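Open your viewer and get ready to click through a few selections with me.

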Amino acid sequence: MAAVAGSVALGVYVASDDARTRADWQPGLPPGHVLLLRSGPASGADLPPVPAVTDRVRAVLPAGSVGPVDVPICAAPRKPDDYCTVTAMLPPERVCPFEAEVFRSAAARERALADPRCRRPTPSPQGMYLPVLVDDGAALPALTDAPPDEVARATAVLRAGGVVVTDPRYLVDGTVAVTADRASEDPGPPVSTTVAAPGYVLRGGLPVDRLVLSAPTATRLGLAAENLGYAVQTDGTPSAAQQRRLGAELRSLVPVLVEVESGPPASDQRPLLLLLALAPA
């Protein structure tokens, strides 16, 4: 009897833990939307223009918008081992006052949890995620699923040379401070460049932390844009057959990997519960 009770208790725990995992799941790409990431011989070469790709995508999927996916890299001249990181900067009064080492203390953890400056406004995403982009607004519908009116306002700011964030803490008096650090394997500290640019907070759509730079702001930071592929806004999750057909349709134009955010992770509780059911009494 005790063994049966233990099995039931464990089964309930596994089920509740699985439900919690699914509830905490936060995608980095809107579910059902598609990333077409260049691969093979296309790497390092210019990619086809968006209209040509859009025509082939729409031959397979009832797609909405298709936009280029560009990420920041160090601008030329650069050495092979140069790498650049880009970060939106919080104003000092909005920075969590607790150092990471202090969190080892239970009392400090309690104080930090009670301090709104130490709480992230968005959950950490899982799966495919592009935290920093260089864009003029063309990729925003596919990557954010934000309402059209918000996308239009964000696009206007980007095309005027500004930046877009999803975390309102970064916007101060209408501007966002952005820092780019350039480092390499050579000894010495990274070279940092900070600029302030007109900003807009994209509040709707996918709730993940994202920084979108306009091309002029990227240039001011000593950055260039590298095209990874394309983002596709869809009306629903493409089937496996549609994904294969899409890759085949694009192959003669540009080889791509077709990546789709299909939804939360599948439950793994059924096999465990089955094992429990088969366990000897």
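Start by selecting Val165 and Val201: Val165 stands opposite Val201, which belongs to E7. Now widen the selection to strand E5 (residues 163-165) and strand E7 (residues 191-201), which pair in the parallel sense over three bridges. Strands here are DSSP runs of E with at least two residues, helices are runs of H or I with at least four, and both are numbered from the N terminus; two strands pair if DSSP finds at least two bridges between them.

A word on what you are viewing: this is a predicted model, where local features need pLDDT of at least 70, side-chain atom pairs count only at pLDDT 80 or more, and totals for chains, interfaces and linings use all residues. Residues are numbered from 1 along each chain as its sequence is written, and side-chain values use heavy atoms, leaving out hydrogens and water.

Next, select the whole open sheet: six strands in the order E3-E6-E7-E5-E8-E4, with mixed pairing. At its edges, strand E3 (83-89) and strand E4 (132-134) each pair on one side only.

Finally, select Val71 in strand E2 (residues 66-74). Is Val71 buried or exposed? Val71 counts as buried because its relative accessibility is 14%, and buried means under 20% relative accessible area (exposed is over 50%, partly exposed in between; 1.4 Å probe, protein chains only). Show its contacts (heavy atoms within 4.5 Å): not counting residues up to four places away in sequence, Val71 touches Val132, Leu133, Val134, Ala224, Ala225, Glu226 and Leu228. The C-alpha atoms of Val71 and Glu226 are separated by 5.4 Å, although the two residues are 155 residues apart along the chain.
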